[in-house]
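This report walks through one structure, element by element. Please keep the sequence and the model in view while reading.

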Amino acid sequence: MGAQWKAKGKELAANARGRVFGKLAKEIMVAARSGADPASNARLRLVVEQARKASMPKDTLERAIKKGAGLTGEAVHFEHVIYEGFAPHRVPVMVECLTDNLNRTASEIRVLFRKGHLGTSGSVAWDFDHVGMIEAEPVASSTAAGADPELAAIEAGAQDFEPGEEDGVTMFLTDAADLDLVSRALPAQGFSVLSAKLGYKAKNPIDPASLSATDLEEVEAFLAAIDANDDVQNVFAGLAG
């Protein structure tokens, strides 16, 4: 959670499937502004691979690419905006949005932060590093040595690595500028890339054990409510573990 907060529970995951596709479609449309060919558009290539891993229907994926690239005649304009603040009990939060209506999004985010504290630009960002985040798992045919995350991180040029949210998954952390380079290097080290994106990692995450069960539930409910907003792409919380 120090890297990216994710909703827990099978029911939550099932209900979130449609939202995941919607968020990925936005990312694809924004990335496709720089060209509809993933082979020559690194940002598009990364999000298309992520969409395929998430089992996004092919026609939905292709429609998003064409729409973003302006090939359908439809005007697409999303703005990227970051909100900073604190969840209940002073847990720092970075909220990444893509929106076609800044006023609507700002109003909704203010309401969602009523149980926490919405800060000004830079009020929380200083406590996060802007990094590349790559989730990867060993390919089935890898030898034990070939799928060693520490060796893979060194050889692929990652800065660090840590256990991912799911069993068997490793989160490789990179400099923001090296995200695509490391993503393309990991398969040669025995790892299959599940997702790759830029994000925010807390420098001093709060230990959940320092919060009571009730306090932790309040933080989780706050983060879940923000993540459910249609304009929110990613929620990064300074919560360890």
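Which residue is the bridge partner of Ile134 in strand 7? The partner is Ala196.

## Basis of the model

This is a predicted model, in which local features need pLDDT of at least 70 and side-chain atom pairs count only at pLDDT 80 or more, while totals for chains, interfaces and linings use all residues. Residues are numbered from 1 along each chain as its sequence is written, and side-chain values use heavy atoms, with hydrogens and water left out.

Helices (H or I, at least four residues) and strands (E, at least two) are DSSP runs, numbered from the N terminus.

## The open sheet

The sheet is open and has 4 strands, in the order 5-6-4-7. The pairing is antiparallel; two strands pair if DSSP finds at least two bridges between them. Strand 5 (160–163) and strand 7 (191–202) are the edge strands, each pairing on one side only. From one strand to the next, the twist averages 30 degrees.

Strand 4 (residues 128–138) is joined to strand 7 by 11 bridges, and these two strands run antiparallel. Pro138 faces Phe191 of strand 7 across this pairing. Strand 4 is also joined to strand 6, by 6 bridges, again antiparallel. There, Val131 stands opposite Asp175 of strand 6. As background, strands of a sheet pair through backbone hydrogen bonds, either parallel or antiparallel.

## Helices on the sheet and on each other

Helix 6 (residues 149–156) lies across strand 5, strand 6 (170–175) and strand 7. Helix 6 runs at about 25 degrees to strand 6. Axes are lines fitted to C-alpha atoms, for helices over the stretch in contact, and angles run from 0 to 180 degrees between N-to-C directions.

Helix 2 (residues 17–31) and helix 4 (residues 58–68) have axes that come within 7 Å and cross at roughly 40 degrees. Helix 2 contributes Ala25, Ile28 and Met29 to the contact. Helix 4 contributes Leu61, Ala64, Ile65, Lys67 and Gly68. Contact means heavy atoms within 4.5 Å. The residues of this contact divide into 6 nonpolar, 1 polar and 1 charged. In this scheme Ala, Val, Leu, Ile, Met, Phe, Trp, Tyr, Cys and Pro count as nonpolar, Asp, Glu, Lys and Arg as charged, and the others, Gly among them, as polar.

## Aromatic pairs

How many aromatic pairs does a search of the whole structure find? The search finds 3. Rings of Phe, Tyr and Trp (its six-membered ring) pair if their centres lie within 6.5 Å; planes under 30 degrees apart count as stacked, over 60 as edge-to-face and the rest as tilted. One of the pairs is Phe172 with Phe191, edge-to-face at 5.3 Å centre to centre and 85 degrees between the planes. Phe172 is in strand 6 and Phe191 in strand 7, so the pair links parts of the chain 19 residues apart. Phe172 is buried at 0% relative accessibility, and Phe191 is buried at 1%. Buried means under 20% relative accessible area, exposed over 50%, partly exposed in between (1.4 Å probe, protein chains only).

Tyr200 and Phe236 make another edge-to-face pair, because their ring centres are 5.8 Å apart and their planes stand at 65 degrees. Tyr200 lies in strand 7 and Phe236 in strand 8 (residues 232–237), so this pair ties together parts 36 residues apart in sequence. Tyr200 is buried at 14% relative accessible area. Phe236 is buried too, at 0%.

## Two buried aspartates

Asp231 sits in the loop between helix 8 (213–227) and strand 8. Its relative accessible area is 5%, so Asp231 counts as buried. Leaving out residues up to four places away in sequence, Asp231 touches Lys26, Glu96, Cys97, Leu98, Thr99, Arg104, Thr105 and Glu108.

Asp180 belongs to helix 7 (residues 179–185). Asp180 is buried at 15% relative accessibility.

## A loop with positive phi

The loop between strand 1 (79–87) and strand 2 (91–99) holds His89. Arg90 lies in that loop as well. His89 has a positive phi of about 65 degrees although it is not a glycine. Arg90 also has a positive phi, near 65 degrees. Most residues other than glycine have a negative phi. Is His89 buried or partly exposed? At 32% relative accessibility, His89 is partly exposed. Arg90 is exposed, at 54% relative accessible area.
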